[in-house]
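Subject: Structure for you to look at

Hello,

Here is the structure I said I would pass on. Please open it first, then read the notes below it.

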Amino acid sequence: MSYLRYVITSRTAEPTTASPTTAPVFHWIDERLPVVDGAHGVLRAFTTREGGVSEYAWEGMNLGGSAGDRPEHVRRNRASVAAALGVEDDHLLFMDQCHGSSVVAVDGPWVGAAPPADGIVTRRSDLALAVLVADCVPVLLADTAAGVVGAVHAGRPGMMNGIVAEAVSAMRDLGAQQISAAVGPSVCGRCFEVPAEMRAAAAAVSPVSATVSWTGTPAIDVAAGVVDQLTDAGVEVTWVAGCAREDPRLYSYRRDGVTGRFAGVVRLLPGRVS
Ligand SMILES: [Zn+2]
C-alpha cells in the first residue's frame, strides 16, 4: 500500500455572511487554486466543531440533523458552510446515511427528504456534497479533468460492504478516470477497540485494518482499510492525520455518546474557458 500523508493546518474560512465567531473553521484540502485550462477546479474541506451556533453536547459547528440538536442551530450551521462554499443553502446536499452501500448520482437539490445513501456523486458545479461523521471515515472524491466529484460515508460497515468500490464505480459511470481522494479525520485504530471476531472479519476484507488498541486489545483501523481499498481501486489518496476521539476540535461518538457531527464537503468548480 502506498499513499501520501499530509498534515493540514487549521485556517479560518474566507469571510462569509455568518459572523466571524460562528464561521466554520475548515481543514482545506483544495482551495481556489488557479484552474488549468480545460479542467475544473474543486473545493474539498473537512469541517471541525469550531465556529457554529450549537450549544450543550453539540456545542460548535454541528452539522448533523439526526443527533438531537436544535434544528434551527443545525440549519444556521449548514447555511454558513454553504456560504463558505459559495452555494445556495439547499444546494449543499446531505445524505440519509445508513451504513449501506448505495451511491446516488445527483443533478440538483433533493426533492423532499434526502434519500438513504452512503455515497453521492455529481457533475454539477452549483452543488456541494457533504458526508457527516463523528468517528466514521469521510471520503471526498474528485476528477477535475472529467468534472466529477463525490462524497462517501465509510464507517466499519461501509469498509466491510464495499462502499468505496461502489462510489468509485459511480464516479466512473459519470466519466471519471483519474480520481483523487481526500480521506478526513476519523477515530484511529488505537481508539477503536472491538471484539476479536469483529477484527477477524475486518481482516478478511482488508488485512491492513487489523490492529490493536492503546491497551493491546483487538481493534480496527477503518481509515487504513479505506485508504487501502481506494489505492486498490487506482485512486490517489491524501489522508488527513488526526483522531476524532483524541482531538477535542472534532466530534466523536465513541468519546461522548450524545454529540454532533462534522463533515467532509466537496464542490466542483466550473472549468475555465480560455
Ligand atoms: Zn485515537
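Helices (H or I, at least four residues) and strands (E, at least two) are DSSP runs here, numbered from the N terminus. This is a predicted model, in which local features need pLDDT of at least 70, side-chain atom pairs count only at pLDDT 80 or more, and totals for chains, interfaces and linings use all residues. Residues are numbered from 1 along each chain as its sequence is written.

Among the buried residues of H5 are Val222, Val226 and Leu230.

Val226 and Ala130 touch the most other members of the largest nonpolar core, which has 81 residues. Such a core is a set of buried Ala, Val, Leu, Ile, Met, Phe, Trp, Tyr and Cys residues joined through C-beta atoms within 7 Å. Beyond its neighbours within four places in sequence, Val226 has contacts (C-beta atoms, placed from the backbone, within 7 Å) with Val137, Val139, Ala154, Met159, Val164 and Val183.

The chain has 6 helices and 15 strands, and 51% of its 274 residues count as buried. Its mean pLDDT (the predictor's confidence in each residue, from 0 to 100) is 91, and 89% of the residues reach 70 or more. Over residues 1-13, however, the pLDDT is below 50. Where pLDDT is low, the predicted coordinates should not be read in detail.

Regards

Definitions and conventions:
Two residues are in contact if their C-beta atoms, placed from the backbone, lie within 7 Å. A residue is buried if 20 or more other C-beta atoms lie within 10 Å of its own, exposed if 12 or fewer, and partly exposed in between; C-beta atoms are placed from the backbone.
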